[in-house]
Amino acid sequence: MSGYLFRSYGSRYISILSRVWSGNSQMMKNSEATLRKTLEAKFPQAKNIVVNDISGGCGSMYEIYVESKEFKGLSTVKQHRLITETLKSEIKDMHGLRIQTSIAD
């Protein structure tokens, strides 16, 4: 039973996937704070950056809100592309991402 998908914990074998889904995995790379810091570095003029894990704590789905002057003159699609390009390496490990942007005054 041991192999890539299972690890031995004492006399029990636990699926690595069940550890990821339960939110207790050491493999989880992303966190609200990490994503927020990445966005703050890319958008230093942002008035507001909010990142919420909406997956129940396992880090597979996030809701992101960014309000910045840097979005002025850009369509919503281009604003969202800036967010996804900024988080490109993090997104590949996610199930989904919900993005909302607005232009700061």
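Me: Which residues touch the most other members of the largest nonpolar core?
Reply: In this predicted model, the largest nonpolar core has 13 residues, and those touching the most other members are L39, V51, I64, V66 and I83.

Me: And which elements give two or more residues to this core?
Reply: Those elements are α2, β3 (48–53) and β4, and the largest share, three residues, comes from β4.

Me: What is I64 in contact with, leaving aside its neighbours within four places in sequence?
Reply: With those neighbours left aside, I64 is in contact with L39, V50, V51, I83, L87, L97, R98, I99 and Q100. One of these, V51, stands opposite I64, which lies in β4.

Me: In what sense do β3 and β4 pair, and over how many bridges?
Reply: The two strands β3 and β4 pair in the antiparallel sense, and the pairing runs over six bridges.

Me: Which residues are on the covered face of β3, and which on the uncovered one?
Reply: I49, V51 and D53 make up the covered face of β3, whereas N48, V50 and N52 make up the uncovered one. In a regular strand, side chains alternate between the two faces of the sheet.

Me: Switching to helix α3, which of its residues are buried?
Reply: In α3, which spans residues 76–86, the buried residues are Q79, I83 and T86. Because they cover an arc of only 70 degrees around the axis, they lie on the same side of α3.

Key: Residues are numbered from 1 along each chain as its sequence is written. This is a predicted model: local features need pLDDT of at least 70, side-chain atom pairs count only at pLDDT 80 or more; totals for chains, interfaces and linings use all residues. Side-chain values use heavy atoms; hydrogens and water are left out. Buried means under 20% relative accessible area, exposed over 50%, partly exposed in between (1.4 Å probe, protein chains only). Helices (H or I, at least four residues) and strands (E, at least two) are DSSP runs, numbered from the N terminus. The arc is that of the directions from the helix axis to the C-beta atoms. A nonpolar core is a set of buried Ala, Val, Leu, Ile, Met, Phe, Trp, Tyr and Cys residues joined through side-chain atoms within 4.5 Å. Contact means heavy atoms within 4.5 Å. Two strands pair if DSSP finds at least two bridges between them.
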